[in-house]
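Take a look at the model below. The walk goes from charged side chains to a pocket and then to the ligand.

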Amino acid sequence: MAALVAIGRVNPVLAAGNYIPELTKSSFGDNFHWGVATSAYQIEGASDVDGKGESVWDRFTSRGHIKDKSDGKIANDFYYRYESDLKLLKELNFKNFRFSLSWPRILPEGTGTINEKGVDYYNRMIDECLRLGIEPWAVLYHWDLPQKLEEKGGWTNREVVDWFAEYADLCTRRFGDRVKHWMVLNEPAGFTTLGYLSGTHAPQRTGIGKYLAAVHHACLCQAEGGRIIRRNVEKSHIGTTFSCSHTEPYKPIGSHQRAAKRLDVVLNRLFIEPTLGMGYPIQDLPFLKKIEKHMLPGDEQKLPFEFDFIGLQNYFRVIAKPSLIPVIWANRVKPDSTAEITEMGWEVDPEGMYDILKQFSKYPVKEIIITENGAAFPDRLVDGRVHDPQRINFYKRYLQQILKAKQEGVNVQGYFAWTFIDNFEWAEGYRPRFGLVYNDFDTQERIVKDSGYWFRDFLK
Ligand code: NOJ
């Protein structure tokens, strides 16, 4: 109850008896998809072998922009170690593996010449999943744009829609006979904001104009990618993923409430509403009107696509209050918050997961899958073991809130933990460890953390 008071949230179910469901695998149902999520640049390594082209992240890291000056040249070395890693995944009782395809590994220049060695790697990795009885879930785009395309403007150039269509067509033709679960984009709000507005991620571009162009083109690709998968893959299960955060006003006063509403548009509504045929939420965030500058006749009809599922990725809530730059102000933690804080500086807020599930379930979506959720804590390897009770507690509490929402009728059908093995955490480098498995980056030795064993037993 203390937490409820601290965050000022009125939750009728909790208020009516502090109800937290008992956590068992069976209460999620037999068809619930349990998995782990990863992404190519964060795990594969092998960044310039076998014909792979340069990505914007190869370029960005080579300029020393990462906090620990690291890069993804080796990462988890998954390119060479996928067999033993997938075997370990199976031992932990996960039946679903989410990975992304690296665009520059498959099309080194972004379009045109195909790198057959790159295609071959994914064929081998996918076949290995199937051999082990693990379902592959492929994401077409998880942030590693070919550098050659960035040099032509990247996501700000409308031609990206054609480039992406060529790439999506190729991937679905080559892998669609075996991969049935597809996701088009990973967190478009993430890569457009960080890569094209604030410039804190690759390709380090800034400004509202570039951001809005990237947003519109990503929305077009999102729908076009869905149509291409539908056309090329028989019996496909098609989704795309959205980052999302429950937004709250800093103080319960009008100006802060309006700021929270604007922040909600940017973080939660901007990418899903055009997909659902609702257009861009310009009414609630007037500066978005400038996006129309990037729209051509007929675009409105191209934005919607009926996805089979939407992937939600939730890590923290956000707090809003007005500010001149950049119109909205967000902080993940209220100064008076007593909540636990992760290595990323994010507040542990399981109720925020419940709130966001309730919010998204109001949209007419067929199915929701939590395609990412997890936490970084300062893990230590002691006598060959990693005791991470904080992470176990994190997973239990978030899963309870998901189950609660499910029991109240939210159609959530899967959960993917972020992440399998500690990996490259973008601009933060290797310090934040999100894995269920600890990685010794000097030796590439994998050590299952207590949280990994917890999942193994839970999923038995
Ligand atoms: C979202 C991103 O999809 C993933 O790449 C990242 O590592 C996690 N969040 C954790 O920050």
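Which residues are linked in a network of salt bridges? They are Asp 379, Asp 388, Arg 391, Asp 422, Arg 433 and Lys 449. Keep in mind that this is a predicted model. The salt-bridge count comes to 40.

Asp 450 and Arg 385 meet through their side chains in a salt bridge, 2.7 Å from N to O. The two residues are 65 apart in the chain. Asp 450 sits in helix α17, which spans residues 450–458. Arg 385 belongs to the loop between β10 (368–372) and α16 (389–407). Arg 385 has 37%, so Arg 385 is partly exposed.

Two further salt bridges deserve a look. Arg 81 pairs with Asp 77, and the closest N and O atoms are 2.8 Å apart. Asp 77 counts as buried because its relative accessibility is 14%, under the 20% cut-off. Arg 81, at 29%, counts as partly exposed. Arg 59 pairs with Glu 54, again with 2.8 Å between the closest N and O atoms. Here Arg 59 is partly exposed at 26% relative accessibility. Glu 54 is partly exposed too, at 31%.

Now for empty space. Rolling a probe the size of a water molecule over the atoms shows where such space is left. The second largest pocket has a volume of about 210 Å³. What kinds of residues make up the lining of this pocket? The lining divides into three nonpolar, five polar and three charged residues. Lys 25, Asp 30 and Lys 95 are among the residues that line the pocket. The lining also includes Phe 32, Trp 34 and Leu 459. Ser 26, Gly 29, His 33, Asn 93 and Asn 96 line the pocket as well.

How many residues surround the ligand? There are 13, and the closest are Gln 42, Asn 186, Glu 372, Glu 425 and Trp 426. Glu 425 has a side-chain N or O atom 2.6 Å from an oxygen atom of the ligand. Gln 42 places a polar side-chain atom 2.7 Å from a ligand oxygen atom. Then take the nitrogen. An N or O atom in the side chain of Tyr 315 lies 3.4 Å from a nitrogen atom of the ligand.

Conventions: Residues numbered from 1 in each chain as written. Predicted model: local features only at pLDDT ≥ 70, side-chain atom pairs only at ≥ 80, totals over all residues. Heavy atoms only, no water. Salt bridge = Lys/Arg side-chain N within 4 Å of Asp/Glu carboxyl O. Buried < 20%, exposed > 50% of the residue type's maximum accessible area, 1.4 Å probe, protein only. Helix = DSSP H or I, 4+ residues; strand = E, 2+ residues; numbered from the N terminus. 1 Å grid on protein atoms, 1.4 Å probe; cavity = no way out; pocket = protein on both sides within 12 Å on 5 of 7 lines; lining within 4 Å. Points joined across faces, edges and corners; volume = space filled by probe spheres on them. Nonpolar A, V, L, I, M, F, W, Y, C, P; charged D, E, K, R; others polar. Near = heavy atom within 4 Å. Polar contact = N/O pair within 3.5 Å; in protein donor to acceptor, adjacent residues only side chain to side chain.
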